[in-house]
Amino acid sequence: MTSTVDKFPRLNAPNLHKLPNGLTIIAEQMPVDAVNLSLWIKVGSSVESDAINGMAHFLEHMIFKGTERLASGEFERRIEERGAVTNAATSQDYTHYYITTAPKDFAELAPLQIDVVTNASIPDDAFERERLVVLEEIRRSEDNPRRRTYRHAMETAFDRLPYRRAVLGPEEVIAGLKPQQMRDFHGTWYQPQSITAVAVGNLPVEELIATVSESFTQVIKTPHSPLPIPYSRLPTEPPFTEIVRQEFIDETLQQARLVMLWRVPGMVELEQTYGLDVLAAILGHGRTSRLVQDLKEERKLVSSISASNISHEFQGTFYISAKCEVENLAEVENAIAQHIRSLHTELVKESEIARVRRRVANRFIFGNETPSDRAGLYGYYQSLVGDLEPAFNYPAKIQNQDAIDLMQAAKDYLSGDAYGVVIMKP
């Protein structure tokens, strides 16, 4: 089944193709002399139990350690020989692998990438070597003040949802994992129905689809058992009803860190996220945003401050983060809470909304210029939302947010009197 997704601006015209085995292929010809193949696996740390927390990320490392057909290191060697590039990343909600090649090399290299991802052999000796690499990555992450702050913030934001855990997992869990556990995890989750393969670049769409679909047919020999779905939808956690405060001493810091956060809708309630995206930009994106102007430029209370609306699949976090002197912490927190309260009572100025609309429209255009940009956009939305439409109508959704919508979003989800706060003091 193939369809060209309609109603999009002329900028994009991807084809969506579903194979009988459940694999989704998205392909688009683009007049740039490269082809990107992105494999989005709808498996991240959120499907793990506490006992195997970190498995999805550890597996991402092990994917490159060979298959029956490819010895360890051979995939990278053949990619590099052709001047192609490859990389991967793991999040809570997905794992993403990609290669970017010259169009003439795509038919040869794409099957190699599909083979390493779907047929990882996970040998015992390589597993033990890579375990040390992952443990070192966890230790480096612990040495990073920004990551430590974020980890404490997520543990405060969520009591039960798996987003409270680090994607890398704790050292003691990684130290105890067995190769067979990983083979089982890979066999369970890395199945066609949880994979979106996106090919974008300067080859005809029919050729891109044929190369990807033939590669998957060749490498997936055995029929897989049905994909386990431990949840159809994770239960969201209720908004904070009071101020929940966590304080930590961190002697490596020069300045204190303050994070204030609210539980907000995730990607499963996509329509509710747009207003919050605009509010985050109005409060804390760029020098002319409210918090930067007030607390940094005018009152000189912080050395930096920003706001973001972090949308995980099932639930998101509205996140305001500042660096300041310890003696300014209470004043900064009160000022931020007052800014939040003002969103409930005063309509946002049209000039502020217009600034955000311009930024979003420009970033959408600039973020569509390369095959890897587009493949990332398509894979992300198809994987997490099961729909390509939001990949294209994001700018329009932002344009449609008016001052009344923004006031409603603030009233619904952001309270100046009930939130999570994490303070890290030097």
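Helices α1 and α4 are oblique to each other, a label for angles that are not under 35 degrees (roughly parallel), not over 145 (roughly antiparallel) and not 65 to 115 (roughly perpendicular). Their axes come within 10 Å and cross at roughly 125°. Axes here are lines fitted to C-alpha atoms, for helices over the stretch in contact, with angles from 0 to 180 degrees between N-to-C directions. α1 covers residues 55-62 and α4 residues 124-142; helices are DSSP runs of H or I with at least four residues, strands are runs of E with at least two, and both are numbered from the N terminus.

This is a predicted model, in which local features need pLDDT of at least 70 and side-chain atom pairs count only at pLDDT 80 or more, while totals for chains, interfaces and linings use all residues. Residues are numbered from 1 along each chain as its sequence is written, and side-chain values use heavy atoms, with hydrogens and water left out.

On the α1 side the contact is made by His57, Phe58, His61 and Met62; among the α4 residues involved are Phe127, Arg131 and Val134. Contact means heavy atoms within 4.5 Å.

Next, the sheet. It is open, with 5 strands in the order β8-β12-β9-β11-β10 and mixed pairing. Two strands pair if DSSP finds at least two bridges between them. The edge strands, β8 and β10, each pair on one side only, and the twist averages 15° from one strand to the next.

Which strands does β12 pair with? β8, residues 244-249, runs parallel to β12 and is joined to it by 6 bridges. β9, residues 256-265, pairs with β12 in the antiparallel sense over 5 bridges. Val422 of β12 is the bridge partner of Gln246, and Val259 also stands opposite Val422. Val244 stands opposite Gly420. In β12, 5 of the 6 residues are buried, where buried means under 20% relative accessible area, exposed over 50% and partly exposed in between, with a 1.4 Å probe and protein chains only.

α5 lies across β8, β9, β10, β11 and β12, at about 40° to β9. α10 touches β10 and β11, and its direction makes about 160° with that of β10.

Arg146 lies in α5, residues 145-157, and is exposed at 61% relative accessible area. Arg146 and Arg257 are 111 residues apart in sequence but 8.9 Å apart in space, C-alpha to C-alpha.

Not counting residues up to four places away in sequence, Asp294 touches Arg299 and His339. Arg290, Leu291, Val292 and Leu295 of α10 are buried as well. The buried residues of α10 pack against α9, β10, β11, α11 and α12. Just after α10, Lys300 takes a positive phi of about 55°.

Last, the cores. A nonpolar core is a set of buried Ala, Val, Leu, Ile, Met, Phe, Trp, Tyr and Cys residues joined through side-chain atoms within 4.5 Å. The largest has 63 residues, and Phe318 and Ile320 touch the most other members. Helix α9, residues 273-284, supplies the largest share, 8 residues. Beyond four places in sequence, the contacts of Phe318 include Met260, Trp262, Leu276, Leu283 and Leu414. Another core, of 56 residues, lies apart from this one, with Ile25, Leu37, Phe106 and Val205 among its members.
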